[in-house]
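Open the model in your viewer and keep the selection tool handy. We will go from stop to stop, with a note on what to pick at each one.

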Amino acid sequence: MVPWGVCMAMAITVAMCLVVTKIFMRRMSRYHDHHQKSTDGSIPPGSLGFPLIGETLDFMAANCSNKGLYDFVHSRRLRYGSCFKTSIFRRTHIFVSSIKSAKGILMSNDEVNFSKRYIRSIAELVGKESLLCASPQEHHRLLRARLSALFTTDAVSLFVERFDHLVLTTLFRWEHTGTVVVLHDALSMTFKAMCKMLMSLEDPEEIEKLQKDVTQVYEAMVAIPLKLPHTRFYKGVKARRRIMETIRKMINQRRKGLEEHEDFMQALLLGEESSSDNASPLTDTQIQDNILTMIIAGQETTASAMTWMVKYLDENQDVQETLRVEQLQLASKVSSGSLLTLEDLNGIPFASKVVRESLRMASVVPWFPRVALKDCEVEGFKIKKGWIVNIDVKSIHLDPTVYHDPNKFCPSRWKVLDPDPSLEKWALFARLRSGCRVSVTRIAPK
Ligand code: HEM
């Protein structure tokens with residue numbers, strides 16, 4: 001048995017070591033920040049944290065806490081103002097939350113100052129050929145044009161009907177269930193919808209297996225990128241490999257002509273054959289990476305948005321009632337048992353406002369990252385080439401100078417989007433709000 005005195009001495013030594021380490025780290029952190037300031041001139045306020053690790057640990061701690069990942073940004077915004085710097089995963093990040101800067105950065109997307117950029121570990125999980133990682137801009141644009149197959153009017157129409165069918169099935173089950181966890185069911189619904197729309201996958205067992213793997217990839221996206229066994233990141237990388245293998249098998253079946261479906265994967269494979277431009281066909285890797293990307297980008301976002309909407313509607317019974325009246329009016333116009341169509345969506349403007357207001361209040365994607373392609377200035381501060389500039393949209397969505405009474409759920413704050421029905425106006429855009437493609441042809445005078 002270890003004598004009590006020795007235990008005490010050990011405890012004191014450990015405590016002293018911890019205190020000394022903490023003081024040392026804090027000094028290093030201050031030196032690091034001071035050094036940056038003195039050499040860089042007027043760079044944004046904020047802390048770059050400890051050498052090498054920056055503020056990564058705080059970022060991860062926020063992710064694991066009850067307050068969530070955004071708390072990391074929110075607390076710093078309160079401390080430093082609308083433009084601040086930090087260092088996460090060994091990159092300098094700037095967060096900006098003024099609407100003027102946000103517009104400037106987003107508008108210059110096709111120009112030279114900023115480009116889309118997600119953290120490097122994400123590329124390892126969704127794949128280098130993913131739309132989320134494709135660079136330079138030209139490559140991103142080409143890939144995006146190819147992937148637009150998902151959003152043709154026919155594809156969206158089919159999707160609206162299929163999704164409505166899934167919602168009806170889920171609501172029917174809810175009628176016979178005691179307690180419902182909305183997020184859980186929304187995730188399952190959106191996952192099934194994505195599997196059906198992207199690759200006609202309907203087998204419940206295969207869907208369940210795939211959903212487990214996709215969840216692991218999703219969790220790894222915000223984990224420390226350490227490829228050591230049992231870490232979250234490592235599990236995500238392994239799950240990605242299994243997903244790639246499943247999608248590769250499906251592509252092979254279709255290439256051999258053993259299977260054919262009306263879905264995104266088929267559209268991409270057909271697009272290769274019927275491509276009229278000289279662009280090279282999509283490779284298997286590009287198709288695989290982007291199917292996974294669509295699942296990741298579409299499932300959680302849509303499920304979270306639906307869940308928040310249910311919460312806001314429950315808290316605002318008057319809004320719920322107005323929405324119900326509009327829905328019942330629509331139901332009275334269509335034959336019973338028929339599914340919702342794309343055109344029906346045009347006849348429910350209040351529902352569209354409820355969606356917009358829910359997206360504003362919930363900010364499902366709280367910030368948009370961009371990389372500075374050259375040294376530039378944002379809000380009067382110097383930004384260096386290679387820094388990641390994140391537009392803090394959640395903060396803008398709740399800014400009282402932008403939205404009156406921003407914490408109030410008020411769908412009526414949204415004006416009817418397009419009171420001018422003239423076709424010429426719409427000719428400026430490729431699609432109507434409903435998703436229908438518009439093409440205007442001048443009729444030559446006789
Ligand atoms: C309520 C649901 C959704 C929300 C709130 C949402 C939000 C967003 C936002 C804010 C961006 C831009 C991020 C940036 O510029 O950095 C984005 C990009 C993207 N979203 Fe969604 N999204 C939703 C649903 C979907 C769905 C259903 C899909 C696929 C079927 C999808 C696929 C994508 C893709 C591929 C990108 C990247 C586009 C590119 O880089 O060119 N999203 N989404």
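For the first stop, a residue counts as near a molecule if its C-beta atom, placed from the backbone, lies within 6 Å of it. Bear in mind throughout that this is a predicted model.

**The ligand and its shell**

Select the ligand and show what lies around it: 16 residues form the surroundings, and Ala297, Gly298, Thr301, Ala305 and Phe368 are the closest. Which helix gives the most to this shell? Colour helix 12, residues 284–315, and you have it, with seven residues contributed. By type, the shell holds 10 nonpolar, four polar and two charged residues.

**Zooming out**

Now show the whole protein as a cartoon, where you can count 16 helices and seven strands. Of its 446 residues, 26% are buried. Among contacts with a separation of 6 or more, 64% join residues 24 or more positions apart.

**The largest nonpolar core**

In soluble globular proteins, nonpolar side chains tend to be buried together. Here, the largest nonpolar core has 43 residues; select Met194, Cys195, Leu198, Met199, Met265, Ile291 and Ile295 to see those with the most contacts inside it. Helices supplying at least two residues each include helix 5 (120–126), helix 6 (137–147), helix 10 (232–255), helix 11 (264–274) and helix 14 (349–362). Helix 12 provides the largest share of this core, 10 residues. Pick isoleucine 295 next: leaving out residues up to four places away in sequence, it touches Met194, Leu198 and Val214. Another core lies apart from this one and has 19 residues, including Phe59, Ala372, Ile388 and Val389.

**Where helix 8 meets helix 9**

Select residues 182–199 for helix 8 and 204–220 for helix 9; their axes come within 11 Å and cross at roughly 110 degrees. The two helices are therefore roughly perpendicular to each other. To see the contact, show Phe191, Lys192 and Cys195 on helix 8, with Ile207, Leu210 and Gln211 on helix 9. This set comprises four nonpolar residues, one polar and one charged.

Stay on helix 9 and pick tyrosine 218. Is this residue buried, partly exposed or exposed? Tyrosine 218 counts as partly exposed because it has 16 C-beta neighbours inside 10 Å. Beyond its neighbours within four places in sequence, tyrosine 218 is in contact with Ile296 and Glu300. Draw a C-alpha to C-alpha distance from tyrosine 218 to glutamate 300: the two are 82 residues apart in sequence and 9.1 Å apart in space.

**Helix 3 and its cover**

Move to helix 3, residues 70–80, and highlight its buried residues: Phe72, Val73, His74, Arg76 and Arg77. Their cover includes helix 2 (56–64), helix 15 (393–397), strand 1 (83–88), strand 2 (91–96), strand 4 (367–372) and strand 7 (388–392). Just after helix 3, stop at glycine 81, where phi is positive at about 105 degrees.

**Two backbone details to finish**

Leucine 52 sits in the loop between helix 1 (4–40) and helix 2. Its phi is positive, about 70 degrees, although leucine 52 is not a glycine. Leucine 52 counts as exposed because it has 10 C-beta neighbours inside 10 Å.

For the last stop, go to the loop between strand 1 and strand 2 and select arginine 90. This non-glycine residue also has a positive phi, near 65 degrees. Arginine 90 is exposed, as 11 other C-beta atoms lie within 10 Å.

Notes
Residues numbered from 1 in each chain as written. Predicted model: local features only at pLDDT ≥ 70, side-chain atom pairs only at ≥ 80, totals over all residues. Helix = DSSP H or I, 4+ residues; strand = E, 2+ residues; numbered from the N terminus. Nonpolar A, V, L, I, M, F, W, Y, C, P; charged D, E, K, R; others polar. Buried ≥ 20, exposed ≤ 12 C-beta atoms within 10 Å, placed from the backbone. Contact = placed C-beta atoms within 7 Å. Axes fitted to C-alpha atoms, helices over the stretch in contact; angles between N-to-C directions. Parallel < 35°, antiparallel > 145°, perpendicular 65-115°, else oblique. Core = buried A, V, L, I, M, F, W, Y, C linked by C-beta atoms within 7 Å.
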